[in-house]
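Here is a short briefing on one protein chain. Look over its sequence and its fold, then read the points below.

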Amino acid sequence: MTVCLLLLSVVAVTAAVPVPRALTRADWPEREPVVALWVWQCLVATVLLCCVTALALGAAAVFGTVRAQLFAPAPPAVTAAYDLSTTPPGAAALTLLLACGAAWTTAMLAREFVEARRRRAQARAHLRERAPDLPAGLPAARGPLLVLEDEYPDAWWMPGSPPQLIVTTGALHRLTDHQLDAVLTHERGHARARHDWLLHLSTALATGFPRIPLFAHFCDQTHRLVELAADDTASRRCGHLTTALALIELNQHRGVLSCASSHRLLGERVDRLLEPPARLGRHHRALTTTTAALVPLLPLLIVFAPGLTALS
């Protein structure tokens with residue numbers, strides 16, 4: 001029991017501190033943003049699984065009722081292998097700490113999704129108010145694409161059921177047909193990949209645990225990588241140059257190419273599209289994704305190891 005908790009702590013700390021810092025300094029995520037997003041999700045899943053399994057073991061050691069429920073279907077040899085007859089030192093404090101962390105995580109996730117739903121409802125209400133300004137013959141706030149009369153060039157994606165693409169007439173006047181296709185393909189890439197769920201998850205964890213490097217980096221990198229992934233979706237269909245020109249035309253009034261701009265990521269995206277980085281080989285992508293997928297299994301292997309040893 002003590003060994004399991006110690007191993008879980010080591011895995012969680014390793015996945016939460018040094019690995020994220022090393023990943024943020026790596027160059028390959030810029031070349032393969034989809035793979036990088038998968039790796040980040042696997043790291044987060046590893047830490048959360050470590051905490052959940054440690055909470056279950058700690059609660060089983062402290063509370064007899066929990067122990068009886070968890071090990072009810074298990075043979076006596078398996079229960080004996082976990083040595084739950086004596087409570088390890090600090091198990092009660094660790095269980096309380098993990099329980100508070102679980103409750104706080106649930107509260108942060110619930111708050112984020114409630115706030116996101118409220119913001120989405122406000123945005124849709126605002127669109128309904130602007131719908132009468134639509135050109136004659138266009139549907140009012142219905143369907144996958146909504147065109148708004150506005151001189152300000154803009155295009156964005158609104159999550160929902162179904163997701164909706166909004167483009168202003170200013171963007172239609174500024175962009176060529178091919179550039180507009182690139183912009184809409186970029187936004188559809190967000191919608192198809194359901195990037196809004198990743199953004200909400202990363203924001204909730206970073207807000208709830210700002211001092212944990214994994215969650216802070218996960219939030220920053222997710223906001224960056226989803227844009228790179230959508231850029232790749234657009235460039236595969238419309239070409240790198242067309243996508244880069246569309247990005248410039250749509251954002252040049254915001255100072256997209258200024259290093260001092262708050263939209264510095266836009267400048268980096270343009271540079272990346274104009275000079276596409278070399279891709280990883282299929283072998284390296286498969287190896288990276290497979291390795292990342294196996295990492296969340298470590299907490300489960302650690303927890304089930306005593307039981308499997310007893311059965312063998």
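This is a predicted model: local features need pLDDT of at least 70, side-chain atom pairs count only at pLDDT 80 or more; totals for chains, interfaces and linings use all residues.

The chain has 15 helices and three strands. Of its 312 residues, 42% count as buried.

**The chain as a whole**

- The accessible surface comes to about 16800 Å². Carbon and sulfur atoms account for 63% of that surface.
- Take the contacts between residues at least 6 apart in sequence: 67% of them join residues at least 24 apart.

- Helix 10 covers residues 195-208, which makes 14 residues. From first C-alpha to last, helix 10 reaches 20 Å, close to the 20 Å expected at 1.5 Å a residue.
- Ten of those 14 residues are buried, so helix 10 is largely enclosed by the rest of the structure.
- Among the buried residues of helix 10 are H195, D196, L198 and H200. The buried list also includes S202, T203, A204, L205, A206 and G208.
- What do these buried residues pack against? Their partners are helix 4 (33-62), helix 7 (91-130), strand 2 (155-158), helix 9 (177-193) and helix 11 (213-238).
- R194 lies in the loop between helix 9 and helix 10. R194 is partly exposed, with a relative accessible area of 38%.
- Most residues other than glycine have a negative phi. R194 has a positive value, near 50°.

**A buried strand residue**

- T168 belongs to strand 3, residues 164-168.
- Is T168 buried or exposed? Its relative accessible area is 2%, and the cut-off for buried is under 20%, so T168 counts as buried.
- Set aside the neighbours within four places in sequence. T168 then contacts L148, D150, Y152, P153, D154 and W156.

**Aromatic pairs**

- The count comes to two aromatic pairs.
- F113 and W197 form a tilted pair. Their ring centres are 5.3 Å apart, with 45° between the planes.
- This pair links distant parts of the chain. F113 sits in helix 7 and W197 in helix 10, 84 residues apart.
- F113 is partly exposed at 28% relative accessibility. W197 is partly exposed at 47%.
- F209 and F215 also form a tilted pair.

**A nonpolar patch on the surface**

- L294, L297, L298, L300, L301 and F304 form a nonpolar patch on the surface. Together they have about 540 Å² of accessible area.
- Which element gives the most to the patch? Helix 15 (residues 297-311) does, with five residues.
- F304 lies in helix 15. F304 is partly exposed, with a relative accessible area of 47%.

**Salt bridges**

- The count comes to nine salt bridges.
- R285 forms a salt bridge with E32. The closest N and O atoms are 3.2 Å apart.
- This bridge links distant parts of the chain, 253 residues apart. R285 is in helix 14 (residues 282-294), while E32 is in the loop between helix 3 (28-31) and helix 4.
- R285 is partly exposed at 25% relative accessibility. E32 is buried, with a relative accessible area of 9%.
- R118 forms a salt bridge with E115, with the closest N and O atoms 2.7 Å apart. Both residues lie in helix 7, three residues apart, about one turn of the helix.
- R118 is partly exposed at 38% relative accessibility. E115 is partly exposed too, with a relative accessible area of 29%.
- E227 and R269 meet through their side chains in a salt bridge of 3.6 Å, N to O. E227 lies in helix 11 and R269 in helix 13 (residues 264-274), so the pair ties together parts that are 42 residues apart in sequence.
- R269 counts as buried, at 6% relative accessibility.

Terms used
Residues are numbered from 1 along each chain as its sequence is written. Side-chain values use heavy atoms; hydrogens and water are left out. Helices (H or I, at least four residues) and strands (E, at least two) are DSSP runs, numbered from the N terminus. The expected span of a helix is 1.5 Å times one less than its number of residues. Buried means under 20% relative accessible area, exposed over 50%, partly exposed in between (1.4 Å probe, protein chains only). Contact means heavy atoms within 4.5 Å. Rings of Phe, Tyr and Trp (its six-membered ring) pair if their centres lie within 6.5 Å; planes under 30 degrees apart count as stacked, over 60 as edge-to-face and the rest as tilted. Patches are made of residues with over 30% relative accessible area and no salt bridge: like charges are joined within 9 Å, nonpolar side chains (Val, Leu, Ile, Met, Phe, Trp, Tyr) within 5 Å. Accessible areas come from the Shrake-Rupley method with a 1.4 Å probe; for residues, only the protein chains shown count as cover. A salt bridge is a side-chain nitrogen of Lys or Arg within 4 Å of a carboxyl oxygen of Asp or Glu.
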